[in-house]
Amino acid sequence: MITKHLSPEILNQRRLEAVRLRLDGQTVANTAKRTGLSAPTISAAWKAFREGGWQAVPVRPRGRHKGNPQRLGETEREFLWQQLSRWPADKSPGWTSRELAEALSDETGRKVSPRAIEHWLEARDLKPAPMSLETTTKRSRKGRWLHQQVQPVLERVRSLGGAHWQGGVRVVTNSDGRQARCYQLYVHGKRGVLHTCRFASPPKARDYIELFERLADQGPTALIFHGAFFKASAEIAAWLEQHTDFQLLGVPPNSKL
Amino acid sequence: MTTLTHLQRLEAESIQIMREVVAESENPVMLYSVGKDSAVMLHLARKAFAPSPPPFPLLHVDTRWKFRAMYEFRDRMAEEAGMDLLVHINPEGIEKDINPFTHGSAIHTDVMKTEGLKQAMDKYGFDAAFGGARRDEEKSRAKERVFSFRTAQHRWDPKNQRPELWKVFNTFKHKGESIRVFPLSNWTELDIWQYIYLQNIPIVPLYYAGERPVVERDGALIMVDDERMPLEPGEVPMMRKVRFRTLGCYPLTGAVESEADTLPAIIQEMLLTRTSERQGRVIDHDSAASMEKKKQEGYF
């Protein structure tokens, strides 16, 4: 009988039963018949009993060690939520999970890993995935845009020693149950690190400009952005005109990146 | 004996109404608002009088604030149908530059739509006008008859309507009276979508979900269709995946967030929805029973 499908609890009950039967003088064959375990399993249980007593008979827990997950309490969650509604004190273009973990540690003394913060962000739909910018066929709409509009700009910025970012603005519904919806401004930097802030109402031109300035402070920048219609904003157009080393590339609508 | 499906019954009823109007009136016209109901009505008219083009023109009472995609679609469809397209814009509205932003939706609707329609009816002397209104759209439309009689001043009296028992229509008109005829009166929004799907009727692309620039106004998503849309200080429109369940003047028509970018997906969404399509129309929220008041004054 195959016993791999048995849960550890049932397997352990049968191993203990097998040892009891062996102590009663039953043969291995008889014990196997009555418990449904294989002869090697019965022998292993009997050997474990003889070497370590009853405590040694049950098998060790199977699978990955579950560990001790770092659960955030109400205070910590509230702190993180509030923190996301303001810009970081340094010139970072939004909160990273590491910065949030450090801020939490400084404020409340509670140490959690950046990974735990990422889980918290993910659970509240505040962790958008980076856009897929791999070039596909040049004939597709996406391919043409990437080849003709994006790549030349990225190469120019790279040759000037600058960096490129990608980001967007989006509506997050029922995030954390605190309010019906919030608006998330985010960018992905090197190796896809997420920098983010949240807003109670749609971000205004000054919010976008704040983000652009934080990115521009780091040198020549190319930003591929999705989710805002900047053409309608005179303030943003004026800012972009003044900052020629900042290249803003709007993702075409319905391009499914 | 073959049994007709419910859509075939509705189609037959609408075609019968159209033929009845052409037989009984002297100068009919089809009001064409470029929406999905108009698309179905035009399709039915073409079917009713095929192989000839329908023996009446299309009339668009324009407000100058429709979506750009609607104007493109309107011209294309009129050309395809081989029908005359009459476009009337209230000249007083142009002169006073009536618009939904500075004058508000009530004045804009009254001047550009209600007065515009009455002017056009008088100008061309139409005695019967087909409209694409349906009973399920709005409560005042629910109680309006298929043949809705209007006085010489284009007023509607909801308390004085003729019975239409067993679908027998009394088309007698007094001197100066005109009739608004609603061949789609008994259709529901779902019927319209199913018929569009089955008959492969072209509709304005705005009905399909797509990423469009929108701003939020009192909980409604208003599409920024051109540079005339005044933005609040510092406002930046967001690109959101939306579609329109109803189409009117763009500053007065709210979009809904949707992923339905195909007809089957729209139908599926329709089956799940619990709100009226006209929820997105700002003009319907002007005041209690506002639509009935507008209709009494001559609104379509």
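**View 1. A hairpin made by β2(A) and β3(A).** These two strands form a hairpin with 5 residues between them, and A:Arg191 in the turn has a positive phi of about 55°. Strands here are DSSP runs of E with at least two residues, while helices are runs of H or I with at least four, each numbered from the N terminus. This is a predicted model, where local features need pLDDT of at least 70, side-chain atom pairs count only at pLDDT 80 or more, and totals for chains, interfaces and linings use all residues. Residues are numbered from 1 along each chain as its sequence is written, with chains lettered from A and ligands numbered from 1 in the order in which they are written.

**View 2. How β2(A) pairs with β3(A).** β2(A) and β3 (residues 194-199) run antiparallel over 6 bridges; pairing takes at least two DSSP bridges between the strands. Look for A:Tyr186 opposite A:Thr196 in β3(A).

**View 3. How β1(A) pairs with β2(A).** Here β1 (residues 163-173) and β2 (residues 181-188) of chain A are antiparallel partners, with 8 bridges. A:Val171 sits opposite A:Tyr183 in β2(A).

**View 4. Helices α8(A) and α9(A) meet.** The axes (lines fitted to C-alpha atoms over the stretch in contact, with angles from 0 to 180 degrees between N-to-C directions) of α8 (residues 205-216) and α9 (residues 234-242) in chain A come within 9 Å and cross at roughly 20°. The two helices are therefore roughly parallel, a label for angles under 35 degrees. A:Ala205, A:Tyr208, A:Ile209 and A:Phe212 in α8(A) meet A:Glu235, A:Ile236 and A:Trp239 in α9(A), where contact puts C-beta atoms, placed from the backbone, within 7 Å.

Key
Parallel < 35°, antiparallel > 145°, perpendicular 65-115°, else oblique. Contact = placed C-beta atoms within 7 Å.
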